[in-house]
Amino acid sequence: MDELTGLAERFEERRALLLALAYRMLGSLSEAEDAVQEAWLRLSRTDAAAIDNLAAWLRTVVSRICLDMLRARAARPEEPVGQQVPDAVRGFEEAGGPEDEVLLADSVGRALLVVLDTLGPAERVAFVLHDMFAVPFEQIAPLLERSPVAAKKLASRARRRVRGTPAVPVAELGEQRALVEAFLAAARGGELAGLLAVLAPDVVRRSDPAVLPPGAAALVRGADAVARGTVRLGQRSRYAQTALVDGAVGAVVAPRGRLLCALTFVCEGGRIAAYEVIADPARLAGLELALLDPVPSAPAAGLPLSQQFA
């Protein structure tokens, strides 16, 4: 076995974890794969004998590549979020592919990917490395060209944004969450009875025109009409996950982890009294989005987080 072949095998042993790291930093499977491949190209041109810890070296290189990609993305004019083109919203089956990325977004958490997209490049890298991969700030700091104290502040600021601040008491938040999760579960299953069970008789649904089929009404009243309309559009709920939206329980719809629209709810008397589907880019940009659940850890083949890159 020649030296390069042996190095390639050692790299392949770590590819899955490197891809997990890059995906959480970039939120795009194709970009994450590009970052990991670039790391291999750099490794193949490096004197591997001079690398004391290959896993840590690869983690650092992938992180730097991702940081550069995030900065380049931030420097470009933003692509509009939400109703970029009506067909992209109406054709959810196409918007949700390719299937492997849909499944990956499911495993990581769509709401998490959406919220990570609101962070600055340095905040995102610091947060992902420390909170999701247990990398010490002493190792993160040189990558960001900051002191360990400054790196810790970046991660702390990101953590506050990711977790958010509920605007309602904990008990009320729990009631809202139960209703919204029951609504989404019934929508995914096309269960008319399940929807009617959580909707108030005089419920009102408002929707931005971009999320509706041609000719559909933007305002619908009454539990039966709202439930039947929700069942017809049930495929979209496959890409929905509960999230904290402006301090209350809502949902984000995010094929491949990219925000397409958000739902806000008004809950009264143990039922959903109203909900709104927001897809307008300006309105989406004005929402404060955060997680309801603790941040999920990255898979590590059974190893503790502190040993993932050992």
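Guide: Two strands count as paired if DSSP finds at least two bridges between them; strands (E, at least two residues) and helices (H or I, at least four residues) are DSSP runs numbered from the N terminus. The model is predicted, so local features need pLDDT of at least 70 and side-chain atom pairs pLDDT 80 or more, whereas totals for chains, interfaces and linings use all residues. Residues are numbered from 1 along each chain as its sequence is written, and side-chain values use heavy atoms, with hydrogens and water left out.

Strand β6 has pairings with β1 and with β5. With β1 (residues 199-207), five bridges are formed in the parallel sense, and Ser207 stands opposite Val277 of β6. With β5 (residues 261-268), the pairing is antiparallel and comprises seven bridges; here Leu263 has Val277 as its bridge partner. The hairpin of β5 and β6 has two residues between the strands, and in this hairpin Gly269 takes a positive phi near 60 degrees.

A cavity is a set of points on a 1 Å grid over the protein atoms alone where a 1.4 Å probe fits but cannot get out; its lining residues have an atom within 4 Å of a point. Two cavities of 30 Å³ or more are found in the whole structure. Of its 20 lining residues, Val277, Tyr275, Leu263, Leu233 and Arg236 lie nearest the centre. Strands β1, β5 and β6 each give at least two residues to this lining, as do helices α11 (170-189) and α13 (223-232). Helix α11 provides the largest share, three residues. By type, the lining has 13 nonpolar residues (Ala, Val, Leu, Ile, Met, Phe, Trp, Tyr, Cys, Pro), two charged (Asp, Glu, Lys, Arg) and five polar (the others, Gly among them).

The second largest cavity has a volume of about 40 Å³. Arg59, Thr60, Ser63, Leu129, Val135, Gln139, Ile140 and Leu143 line the second largest cavity. Two or more of these residues come from each of α3 (54-75) and α9 (137-144). This lining divides into four nonpolar residues, three polar and one charged.

In one of them, Arg73 pairs with Glu31, with the closest N and O atoms 2.4 Å apart. This pair links distant parts of the chain, since Arg73 belongs to α3 and Glu31 to α2 (residues 29-44), 42 residues apart. Arg73 is buried at 19% relative accessible area, whereas Glu31 is partly exposed at 22%. Asp117 and Arg124 also meet in a salt bridge, at 2.8 Å from N to O; Arg124 is buried at 2% relative accessibility, and Asp117 is partly exposed at 35%. Through salt bridges that share partners, Glu31, Arg73, Asp117 and Arg124 are joined into one network.

Technical notes
1 Å grid on protein atoms, 1.4 Å probe; cavity = no way out; pocket = protein on both sides within 12 Å on 5 of 7 lines; lining within 4 Å. Points joined across faces, edges and corners; volume = space filled by probe spheres on them. Salt bridge = Lys/Arg side-chain N within 4 Å of Asp/Glu carboxyl O. Buried < 20%, exposed > 50% of the residue type's maximum accessible area, 1.4 Å probe, protein only.
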